[in-house]
Amino acid sequence: MHKVKAFIINEGFGQLESLGVKRDWMDETYDAHAYKCFPVSLTNQLGWSISFPEDITFIWDGISDTSSDHVKILQGEKYAYTTRSNATISFHTGISFETDKNLTLLQIPVPNQFIDGATPFTTLISSSFFKGELPVVWRITRPNQPITISAGTPIISVFPI
């Protein structure tokens with residue numbers, strides 16, 4: 001059995017919990033029929049999620065360059081920042097992980113969750129030596145329209161490999 005420890009290094013930021021089976025779009029299918037697909041329901045629970053206690057809203061003006069001025073955070077400034085530029089938004093998770101030597105954390109978009117206009121990068125973090133706050137970055141794909149991540153919505157799925 002491998003060791004994975006999570007530490008809250010900044011209180012009041014990201015909330016870490018096991019991913020659940022529920023998805024809004026699945027609830028909206030006739031008689032919640034989508035939940036009868038075992039592979040989809042099982043995959044929905046893949047990893048831990050990070051979410052925030054408040055809504056985060058941002059907008060991108062359609063220009064992708066090295067200036068961070070093209071993404072504006074309209075709500076939830078405490079949880080997000082734009083300094084990576086290139087049509088991205090980053091999140092202050094406030095969470096750090098420690099793992100055994102040969103484990104890596106894989107971050108993927110939350111399985112079967114769809115947010116129109118932005119998507120998380122898939123990344124690997126060598127958590128056996130990286131001791132900082134877990135970085136999460138999304139690429140914004142829809143310009144000139146506000147995008148809101150509702151409070152409690154998972155922004156990433158994280159699991160050790």
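1. Phe58 of strand 4 (56-60) stands opposite Ile73 in strand 5. Strand 4 and strand 5 (residues 71-75) are paired antiparallel over four bridges. Two strands count as paired if DSSP finds at least two bridges between them. Strands (E, at least two residues) and helices (H or I, at least four) are DSSP runs, numbered from the N terminus.

2. A word on the model. Residues are numbered from 1 along each chain as its sequence is written, and side-chain values use heavy atoms, with hydrogens and water left out. The model is predicted: local features need pLDDT of at least 70 and side-chain atom pairs count only at pLDDT 80 or more, while totals for chains, interfaces and linings use all residues.

3. Strand 4 also pairs with strand 13 (147-149), antiparallel and over three bridges. Here Thr57 stands opposite Thr148. Four of the five residues of strand 4 are buried, so the strand is largely enclosed by the rest of the structure. Buried means under 20% relative accessible area, exposed over 50%, and partly exposed in between (1.4 Å probe, protein chains only).

4. The largest nonpolar core has 26 residues, and those touching the most other members are Ile56, Phe58, Phe91, Trp138 and Ile155. Such a core is a set of buried Ala, Val, Leu, Ile, Met, Phe, Trp, Tyr and Cys residues joined through side-chain atoms within 4.5 Å. Elements giving two or more residues to this core include strand 4, strand 7 (88-92) and strand 12 (135-140). In soluble globular proteins, nonpolar side chains tend to be buried together.

5. What is Ile56 in contact with, leaving aside its neighbours within four places in sequence? The list is Gln75, Gly76, Tyr79, Ala80, Phe91, Ile147, Thr148 and Ile149. Contact means heavy atoms within 4.5 Å.

6. Two of these residues, Ala80 and Phe91, are bridge partners, with Phe91 in strand 7. Strand 6 and strand 7 run antiparallel and are joined by two bridges. They belong to an open sheet of four strands in the order 6-7-12-10, with antiparallel pairing. Strand 6 (80-81) and strand 10 (118-120) each have a single partner strand, so one side of each is left without a neighbour in the sheet.

7. Strand 3 (residues 48-51) pairs antiparallel with strand 2 over four bridges, and Gln15 has Ser51 as its bridge partner. Strand 3 also pairs antiparallel with strand 14, over three bridges; there, Trp48 has Val158 as its partner.

8. The largest pocket holds about 420 Å³ of space. Of its 20 lining residues, Arg23, Asp24, Gln113, Thr153 and Pro154 lie nearest the centre. Helix 1 (24-27) is among the elements that give two or more residues to the lining, and its three residues are the largest share. By class, the lining has seven nonpolar, eight polar and five charged residues. Ala, Val, Leu, Ile, Met, Phe, Trp, Tyr, Cys and Pro count as nonpolar, Asp, Glu, Lys and Arg as charged, and the others, Gly among them, as polar.

9. The largest cavity has a volume of about 30 Å³. Its lining has five nonpolar, three polar and no charged residues, including Ser96, Phe97 and Leu105. On a 1 Å grid over the protein atoms alone, a cavity is a set of points where a 1.4 Å probe fits but cannot get out; a pocket is an open set with protein on both sides within 12 Å along at least five of seven lines; lining residues have an atom within 4 Å of a point. Points are joined across faces, edges and corners, and a volume is the space filled by probe spheres set on them.
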